[in-house]
Amino acid sequence: MSGMNVPATIDQIFILFTDWVAHFFPAAIRPIVGVVLGVIGIISVFPGLFALTTVFERKGLGRMQNRYGPNRVGPFGFFQPVADGIKALTKEDVVPFRADGVLHFLAPVVLLAAVFMGFAILPVGRNMVLVDMDAGLLFFFAMGASTELSVFMAGWSSRNKYSLLGAMRAVAQMISYEIPLLLSSVVVIMVAGTLSLPKIVEAQAGYTGIWPHWYVFTPWGLAAFLMFGIAATSETNRSPFDLPEGESELVAGYFTEYSGFKFAIFFIAEYLAMFSMSGIATTLFLGGWSAPLSFLNVLPSWFWFFSKVMCFIFIFIWVRGTLPRLRQDQLMNFAWKFVLPFTLLDLFVTALWRFMGEGWARWIVCSAILIAAYVAMGRVGMFRKNFAHRRYRYAE
Amino acid sequence: MKTVEEIRAAIEAAVPGAGVTIVPNPGPAAQHSLLLAKETAVAVAKFLHNDPELAFDFCSNVTGVDWLDKEIAEKVKVTKTVTRTVDGVEQQAEETVEETRKHVEPGHLEVVYHLYSMAKKHGPLVVRMRTGNRTDQVELPSFTPIWRGAEFQEREVFDLYGIVFTGHPDLRRILMWDEFKDHPMRKDYVEPDDFEYEPTAHDAVLKRAQEHKGKGIGNRE
Amino acid sequence: MLGEGIIKGMLETAKNFAGSYVSKERLTTVQYPEEREALPEASRNFPILIYDGPEWEAGLRCVACQICEKECPPKCILIEKSADKKPDAVGKPQFYPTRFDIDIAVCMSCQICVEVCPFEAIKMDKEFELATDDRFGGLLHDRHQLAKSNEYYHQIHPVEAAEVDARLAEERAAAAAKSKAAAEAAAAKAAAAKAGAEKPAPPAGGGA
Amino acid sequence: MSVVETKTERAEGWNRPPQPAPEGEGELLEIAMGPHHPSTHGVFRMDVVLDGERVMKLKPVFGYLHRNHEQLGETMSYLAIMPYTDRLDYFCSLSNNWGYALAVEKLAGQEAPERAQYLRVILAELTRIQNHASSIGFLLQEMGASGTPLMYAFREREKILDLFESLTGSRMMCNYMRFGGCRVGVNDAWLNATRKVVAGLPKFVDEFEALLTGNEILMARTQGVGVLKPELAVNASITGPMLRASGVDYDIRKVDRYGIYDRFQFRVPLGDHGDIYDRYMVRVLEMRESIHILEQALKDVPGGPVMDPKAKIRGFRPKPGEAYARIEAPKGELGFYVISDGSPNPYRYRVRPPSMINLTVLEDMCLGHNVADVVLIFGSVDIVLGEVDR
């Protein structure tokens with residue numbers, strides 16, 4: 001250990017800490033201790049981040065809307081989540097009279113469990129991954145898909161028409177967007193040649209001069225990144241794809257009948273899902289824990305990972321503050337008629353990229369295909385058919 | 001736009017026996033109105049709507065009005081033969097006395113339509129209909145099939161005045177709840193006794209408060 | 001191109017986000033209990049009764065004519081007229097309200113009482129922090145609570161109060177002159193001297 | 001301009017638009033949207049029958065806020081009704097004041113002096129701008145835009161309300177106009193402040209439009225949704241921006257030329273499709289026209305009194321008669337019908353509420369659309385429950 005320099009020590013400080021704690025235990029249970037410590041880390045860090053994010057989100061939205069946002073509880077309002085937590089804990093937990101009590105109780109638990117599982121394979125820093133699975137990405141998507149179950153449980157068991165409508169919308173939406181989500185990550189797998197997330201990060205590790213080799217800086221990578229972003233927004237039910245809980249239409253969608261801490265759990269799960277999606281997007285396209293410029297590598301890897309995640313969160317908030325939401329059928333149309341074909345095309349372009357080998361030619365060809373496809377699909381398919389800019393006449 | 005007289009003439013020409021009379025408006029606004037007979041009202045309304053020159057295609061406003069039974073006291077000079085006893089002798093003399101005679105003009109409910117033309121941009125033409133009385137003959141033909149804009153307003157008139165519009169496709173209460181009994185806009189409507197303590201009660205409210213005083217509430221002796 | 005409008009909109013919100021840190025225009029919140037905006041002079045909330053001089057009870061301009069009670073749309077004013085007369089600020093004997101209550105839970109701040117008052121006795125206050133936990137007692141203001149000095153009136157509505165004062169002074173001078181003239185005339189006639197008019201008759205209506 | 005072909009004959013017993021047939025088997029879902037639903041603008045209920053998410057039937061139910069405003073008016077003097085008109089459409093109290101003042105002026109044969117006429121126009125147009133801006137904000141709120149457009153609208157509305165407050169003493173319940181003029185006069189400081197606010201408004205509308213007009217999601221959500229045909233719009237007495245979005249050229253400011261609107265140059269924007277997007281755009285364009293009117297009106301406000309010196313405040317008793325006056329309120333045609341019997345109270349006092357009458361066609365517009373569209377269509381009608389229920 002003494003051979004390490006200071007930045008490297010800070011970079012690996014959590015690993016070193018875990019090893020240090022583990023060496024008090026007999027060798028046989030040391031791996032278990034390591035895992036438990038990792039789980040504790042995840043369970044404490046991400047909900048903490050959640051608490052911070054709610055404040056940032058409300059403040060950010062406030063600023064976009066020319067107001068302060070919460071600034072009364074604690075310094076600059078940063079104790080707001082504490083107050084909210086106390087409120088959620090002390091509120092009465094109402095279960096509708098004719099609801100299916102067991103399912104109604106299980107739904108938030110299942111949701112939270114599934115969401116936390118996703119963090120197991122997330123490399124949050126160099127060597128900082130709880131379980132380095134060979135099929136890590138597959139595991140992540142499997143866990144992501146199982147959240148649909150709990151959403152439907154919640155909607156069905158509440159015996160509320162709004163909940164049911166919300167659940168139906170949620171399931172339809174999540175299943176539709178899972179396909180583009182998977183396909184856009186397949187692009188990365190094609191190039192990296194592995195399903196293991198740490199290896200995908202390492203595949204993007206190099207620098208040309210000071211510029212990193214992230215996949216987002218290639219034409220196919222950028223396209224896949226955008227599609228992944230859209231699909232991820234939809235998967236996490238964030239605006240403008242927040243139809244399942246569209247409060248102006250369905251009151252609160254599938255968790256209309258939840259109150260108190262169960263409601264808080266749904267809320268936490270939504271944000272945690274947002275973090276894990278951002279983490280995956282960071283890993284796949286933004287080089288995971290690596291620094292954006294080569295000389296910035298002195299800063300620890302986990303710092304870069306969390307910064308990138310927070311950038312994503314900021315974009316989520318920004319989008320939420322700007323855009324109205326789509327309608328159910330438009331959402332489906334968008335998924336099946338635009339996002340899916342485009343990701344399929346992107347697969348082809350990625351294959352082309354690999355075939356053509358090094359050189360400028362592949363940059364031009366791939367970009368041209370993608371831009372042409374985007375313009376054509378966007379303009380002809382989506383724009384002209386469904387809506388148009390209009391001109392207005394006046395009567396004198 | 002044609003004057004009310006001309007419109008009346010046009011109606012009489014188009015709908016024979018329409019029985020339209022002019023109700024003058026004495027005020028400075030001078031919006032005179034046409035009183036339709038209920039039997040021919042729908043035919044007249046159709047004419048007003050369809051006639052290319054009048055083209056009243058826009059029914060702006062539907063109002064119910066309640067005219068109570070009016071007691072009219074007139075002073076009449078009556079000449080009578082009076083028998084008097086003057087100095088023990090009965091004399092008959094004619095005398096003119098002033099007497100107040102009262103007669104009751106029966107009340108009615110009235111519905112007033114303000115019609116405009118969007119195509120010709122003229123108006124308003126004020127059209128009214130009257131019910132026979134205020135109790136049992138309260139049916140009037142509905143204009144909703146001609147002007148859909150009257151739909152909610154006729155429902156409101158039905159709700160608040162109790163005029164029954166025959167031919168209205170969906171005549172239900174609109175502002176009051178379905179179980180409500182009376183028609184609150186009528187002039188003789190009696191409010192239910194839902195007394196609520198009010199520290200600065202006046203007049204009617206004060207009277208009610210005093211009635212409630214025995215029950216331990218109310219104020220001001 | 002698809003997405004153009006969305007990007008334009010995103011730039012707009014970004015502009016507002018950044019602008020909120022530099023420009024007051026884009027951060028319009030006033031943090032109320034600590035920061036307060038000055039109320040404009042015309043601002044009105046609930047009625048108050050104006051009195052002249054140092055004594056509130058003696059100086060009340062109100063002569064219990066009960067016009068405002070009658071005109072008040074929600075009927076939130078309750079006045080009881082005195083049996084006897086008391087000299088007012090000028091010294092003329094006048095009726096006075098033995099009871100003048102305003103239920104500010106019912107009052108809708110319409111200012112009609114101010115408009116119809118011929119004696120400039122009732123005016124609108126600017127005070128708005130009147131919340132109380134007592135539904136009936138706390139929101140029912142009696143004449144003591146309603147009585148505010150003319151100086152206070154000058155504080156809250158300076159321009160209006162100056163106009164009112166000028167008008168009142170004029171009227172009082174006219175009334176004094178009239179009564180004096182009447183008294184002189186009466187004295188000249190050597191008849192029993194009686195004051196002229198019962199009360200001055202100023203023109204109705206608020207300031208224009 | 002476009003004269004709408006009016007339907008002359010309608011089939012007997014036409015009542016509702018043709019009801020769509022359900023697809024496939026299964027039960028229909030009945031939902032009561034309201035009275036406490038996040039986007040019913042107050043207490044309003046829509047009894048909706050759904051096939052999946054498609055609306056098969058829709059019945060508007062209202063009256064939760066009913067306070068018998070009209071009877072209230074019959075029990076009090078002409079003047080005392082004025083503050084109550086503020087509470088009809090509480091977003092546009094000054095337009096309501098004007099409508100009522102106009103009706104009583106017509107009844108009593110009065111005229112407001114020149115300066116008061118200018119003030120009325122200025123205040124009514126300011127009211128229109130703030131109403132349209134916030135109604136668009138609410139529409140977007142119902143579309144799920146997290147309140148950003150609403151907050152921008154409120155930011156501008158705040159400035160206009162400040163003007164109202166410094167003139168009339170109150171932000172929303174202004175109670176400003178009187179029969180034969182206005183309650184208090186204005187000074188130059190107020191006019192200059194108004195000029196300053198008006199000069200800033202075009203920038204705000206530009207910002208609003210940059211945020212919204214070109215937005216693809218907004219266009220996708222609103223175009224072709226909630227179409228109202230001009231024939232039906234005329235027949236159902238729809239007025240205001242909703243009517244003009246259906247392409248019918250009917251603006252009471254142009255038709256009746258009440259007040260002094262004939263002195264100002266302004267145009268009436270018309271839509272061709274009659275859908276939500278047209279309603280949105282007509283409102284935006286009307287805001288621009290209102291700004292134009294304001295600029296003209298503020299240029300030359302004449303001097304003089306704001307109140308007819310002959311007008312009586314107290315003891316006002318118009319001669320027996322009746323009068324109907326209407327104005328182009330921001331929500332549509334606002335009419336007041338007053339019958340006098342010579343007493344200090346009106347014998348009959350009637351409000352023609354544009355908000356309520358514009359709801360007549362709510363079901364027609366919603367049938368066959370989604371639940372999500374119902375909320376939008378309802379929002380695009382732009383109602384205030386205070387006026388619907390009265």
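Reader: Let me begin with chain C. How many helices and how many strands are there in chain C?

Author: Keep in mind that this is a predicted model. Chain C has seven helices and eight strands.

Reader: What percentage of the residues of chain C count as buried?

Author: Chain C has 208 residues, and 29% of them count as buried.

Reader: Now contacts. Among contacts in chain C between residues at least 6 apart in sequence, what share join residues at least 24 apart?

Author: That share is 66%.

Reader: How many bridges join S1(C) to S6(C), and in which sense do the strands run?

Author: Three bridges join strand S1 (residues 47-51) to S6(C), and the two run antiparallel. To see one pair, find C:Ile48: its bridge partner in S6(C) is C:Lys123.

Reader: What does C:Leu49 touch, leaving aside its neighbours within four places in sequence?

Author: Its contacts include C:Leu60, C:Cys62, C:Phe100, C:Ala121 and C:Ile122. C:Arg143 and C:Leu146 are also among them.

Reader: How should I think about a nonpolar core?

Author: Start with the general idea. In soluble globular proteins, nonpolar side chains tend to be buried together. In this model the largest nonpolar core has 292 residues. C:Leu49, D:Ala103 and D:Val374 have the most contacts inside it. Helix H4 (residues 114-143) of chain D gives the most to this core, with 15 residues.

Reader: On to chain B. What is the strand order in its open sheet of five strands?

Author: The order is S1-S2-S7-S6-S3, with mixed pairing. Strand S1 (21-23) and strand S3 (58-67) of chain B each have a single partner strand, so one side of each is left without a neighbour in the sheet. From one strand to the next, the twist averages 30°.

Reader: Which helix packs on that sheet?

Author: Helix H3 (residues 150-161) of chain B does, touching S3 and S6 of chain B. The direction of this helix makes about 10° with that of S3(B).

Reader: Is S6(B) enclosed or open?

Author: Nine of the 10 residues of S6(B) are buried, so this strand is largely enclosed by the rest of the structure.

Reader: How does S6(B) pair with S3(B)?

Author: S3(B) and strand S6 (residues 108-117) pair in the antiparallel sense over nine bridges. B:Asn61 has B:His114 as its bridge partner in S6(B). B:Phe58 stands opposite B:Tyr116.

Reader: And how does S6(B) pair with S7(B)?

Author: S6(B) and strand S7 (residues 122-130) pair in the antiparallel sense too, over seven bridges. B:Ser117 stands opposite B:His122.

Reader: What do S4(B) and S5(B) form?

Author: They form a hairpin with two residues between them. B:Asp87 in the turn has a positive phi of about 50°. There are 17 bridges joining strand S4 (residues 70-86) to S5(B), and the strands run antiparallel. One bridge pair is B:Thr79 with B:Thr96.

Reader: Is S5(B) buried or in the open?

Author: Strand S5 (residues 89-105) of chain B has 17 residues and the number buried is zero, so it lies largely in the open.

Reader: Last topic: chains meeting chains. Which two chains have the most contacts between them?

Author: Five pairs of chains touch, and chains B and D have the most contacts. There, 43 residues of chain D are in contact with 35 residues of chain B. The side of chain D has 17 nonpolar, 15 polar and 11 charged residues.

Reader: How far apart are the closest C-alpha atoms of chain A and chain B?

Author: They lie 14 Å apart, and no contact joins the two chains.

Definitions and conventions. Residues are numbered from 1 along each chain as its sequence is written. Chains are lettered from A and ligands numbered from 1 in the order in which they are written. This is a predicted model: local features need pLDDT of at least 70, side-chain atom pairs count only at pLDDT 80 or more; totals for chains, interfaces and linings use all residues. Two residues are in contact if their C-beta atoms, placed from the backbone, lie within 7 Å. Ala, Val, Leu, Ile, Met, Phe, Trp, Tyr, Cys and Pro count as nonpolar, Asp, Glu, Lys and Arg as charged, and the others, Gly among them, as polar. Two strands pair if DSSP finds at least two bridges between them. Helices (H or I, at least four residues) and strands (E, at least two) are DSSP runs, numbered from the N terminus. A nonpolar core is a set of buried Ala, Val, Leu, Ile, Met, Phe, Trp, Tyr and Cys residues joined through C-beta atoms within 7 Å. A residue is buried if 20 or more other C-beta atoms lie within 10 Å of its own, exposed if 12 or fewer, and partly exposed in between; C-beta atoms are placed from the backbone. Axes are lines fitted to C-alpha atoms, for helices over the stretch in contact, and angles run from 0 to 180 degrees between N-to-C directions.
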